[in-house]
Amino acid sequence: MEGVDKEKVQKVIYEMSKGSKYFENEQRKEALMKQKIEHLCAQCVTLTDNDISHFQKVAEKKMLELEASRDLSKIWLHTDMDAFYAAVETLEDPSLKGKPLAVGSMSMIATASYEARKFGVRAAMPGFIGCKLCPGLVFVRPNFERYTHYSELTRKVFHRYDPNFVATSLDEAYLNITNICIERGITGEEVATELRAAVHQETGLTCSAGVAPNRMIAKVCSDINKPNGQFILPNDREAVLTFVSTLPIRKIGGIGKVTEQMLRQVLGISTCQEMLQKAAFICALFSEGSADFFLSVGLGLGGTETPEQRQRKSISCERTFTATNDSSFLFEKLANLAENLTDDLQKEGLKGKTLTLKLKTADFEVRTRAVTTRGYINSKEDILIYATKLLKAEMPLSLRLMGLRMSQLHDEKDNSSTSTQKTLDIFFRSSNNNLNVNGTNVQSITNISGQDSGVTSKDEYLVNDAGTGVSTDQQDFFVHDESTFIPEQRSLVNYSNEADLTNPVISDGLGGANLDDVTPSAKVMNAEKLYDVGQLTSYEATASSSKPGQQLWIDDYICSICGFELPPGFEEERQEHSDFHLAESLQQEETVDSKRPISNESRLTERPCSTTPTPKKKLKSSKEGNHIPIDAFFAKCNKNL
């Protein structure tokens with residue numbers, strides 16, 4: 001979009017959107033960004049000379065450590081298809097060649113041809129604004145089956161050069177070409193030229209490529225000579241530092257509009273090299289993870305190892321449409337989404353337990369509603385039953401976007417439903433549950449999904465929720481019994497390839513909390529005493545919202561529950577991660593409900609009613625005797641039982 005009159009484009013966007021819901025939403029976002037900037041400016045003013053001197057030493061130490069990790073032995077290639085959707089449509093219909101083309105609708109443009117971009121038309125722009133900028137703009141409806149077909153053709157080419165290539169979207173991929181360069185005795189430039197020619201021969205489409213010592217810089221390089229070009233950065237430290245010295249920070253993946261404005265207005269940083277010049281202030285104002293990322297950018301450092309392939313955590317689909325409150329249209333759209341989600345799940349041979357409904361209202365407020373089913377599902381009928389209940393609970397309302405996501409996935413071919421290895425805590429809990437006071441074996445208590453549950457949870461998590469039929473003005477949450485059981489097979493935190501390809505950037509936000517030493521029975525407390533965490537009223541539906549103050553991300557990138565880090569740019573991955581904790585909370589509640597009658601009865605049998613508390617036994621000092629061998633401990637337990 002070089003040569004475009006950006007001021008004219010901004011003026012048209014302002015005039016066309018003024019007074020609309022989109023305009024109001026943008027104003028709210030601008031106000032939030034202004035608050036963050038003012039907060040950082042206030043922190044910056046309070047820094048003394050001693051503070052700055054201290055953080056300068058911290059920054060210098062960090063930079064030495066980061067520099068020591070520099071790896072110039074790898075050659076990475078990033079390839080990006082040129083105006084992919086528009087190019088595919090032009091290839092299928094040659095009459096569109098040379099015309100300003102937009103793939104999308106009046107509501108939203110998915111991509112634009114280079115002819116249209118000369119007028120300022122771009123992706124993620126409303127179609128009616130695109131028409132104002134370019135009166136002769138031609139619209140074509142998206143055809144994702146067609147785009148997927150051509151994407152598969154390109155990936156066959158990529159596989160020849162790197163069998164472990166990382167595809168980040170239909171039209172982008174990272175390739176580690178180190179081995180092929182060594183094996184064939186050719187340079188990265190020759191590989192890029194050969195690969196681009198092979199893609200064109202296989203698909204009839206063009207792509208651009210960038211070659212560099214790491215993924216971060218390779219992505220920047222692929223954008224320099226677009227379209228149908230390439231840029232090669234040698235594996236030399238001085239060449240890398242020279243390249244990033246004048247590179248605008250917005251060119252770096254992970255630095256978006258908000259972060260750019262924060263760095264520019266608070267610290268006067270506009271290029272990557274200035275990151276190093278203001279290193280002390282960066283370490284003083286931002287978290288350790290964020291500071292490491294910014295300093296890595298200034299040094300031109302990025303990932304050099306192929307990211308580990310992670311198991312897929314969720315499958316989703318969503319659709320944008322003109323804002324409407326027509327219930328029949330919305331439920332019809334929901335049925336289409338359920339069908340699409342079913343096709344994707346069955347194609348991958350997966351089933352899921354947690355279904356999330358995503359809604360974007362006419363006011364651009366984003367809501368998510370989640371439900372955990374009793375068993376794994378992947379049929380349209382089952383999905384639609386739960387999705388319909390979630391949507392009905394929100395009606396009436398006017399929507400402009402709707403989506404469905406299935407998480408807690410389970411491979412249909414995998415019959416194992418529990419972990420292969422149990423912890424010592426699980427063993428002890430299982431032993432206690434399976435034996436009553438008389439030593440008689442009691443049937444193992446299972447959770448809703450029929451899986452043994454044997455871990456005592458000491459920490460309970462607060463989860464955002466707006467359950468059906470409850471006023472959103474109420475700010476309540478449940479705190480559960482310490483004897484809550486967690487299913488043994490619970491998975492780890494959500495990961496994705498995309499999250500591995502970038503470093504976290506943080507900005508201000510709010511986090512949740514957990515509680516220790518709660519009372520044995522569930523209590524309802526006022527959330528204003530702790531955090532504004534919304535409501536949790538039923539195990540059948542939980543939710544999270546994009547409203548400020550209801551986030552579960554500390555500093556807008558650290559999960560307050562498990563500490564996992566995801567930058568703001570990875571919205572889908574962040575939502576999947578939140579879904580995991582929602583599902584975990586639901587399973588805990590379901591298990592408590594199913595076990596509580598037996599648990600209470602067991603307590604009555606084991607302990608006679610008494611108002612006098614039983615004194616705790618004093619722990620024997622290690623000096624008073626030898627330690628008991630673990631074998632003897634198990635033998636003693638068996639005798640007592």
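Cover here rests on contacts, that is, heavy atoms within 4.5 Å. Helices are DSSP runs of H or I with at least four residues, strands are runs of E with at least two, and both are numbered from the N terminus.

This is a predicted model, in which local features need pLDDT of at least 70 and side-chain atom pairs count only at pLDDT 80 or more, while totals for chains, interfaces and linings use all residues. Residues are numbered from 1 along each chain as its sequence is written, and side-chain values use heavy atoms, with hydrogens and water left out.

Helix α15 itself runs over residues 288-299. Its 12 residues reach 16 Å from first C-alpha to last, close to the 16 Å expected at 1.5 Å a residue; the expected span is 1.5 Å times one less than the number of residues. Of the 12 residues, 10 are buried, so the helix is mostly covered by the definition above. The buried set consists of G289, S290, A291, F293, F294, L295, S296, V297, G298 and L299. After α15 comes G300, with a positive phi near 75°.

A83 has phi near 40° and sits in the loop between β1 (76-81) and α4 (84-92). A83 is buried, its relative accessible area being 7%. Q408, with phi near 55°, lies in the loop between β12 and β13 (410-411).

The peptide bond joining M395 and P396 is cis, with omega about 0°. Another cis peptide bond leads from K226 to P227, with omega near -10°.

Buried residues account for 45% of the 641 residues. Among contacts between residues at least 6 apart in sequence, 72% join residues at least 24 apart. The accessible surface, computed by the Shrake-Rupley method with a 1.4 Å probe, is about 33500 Å², and 50% of that belongs to carbon and sulfur atoms.

Definitions and conventions:
Buried means under 20% relative accessible area, exposed over 50%, partly exposed in between (1.4 Å probe, protein chains only).
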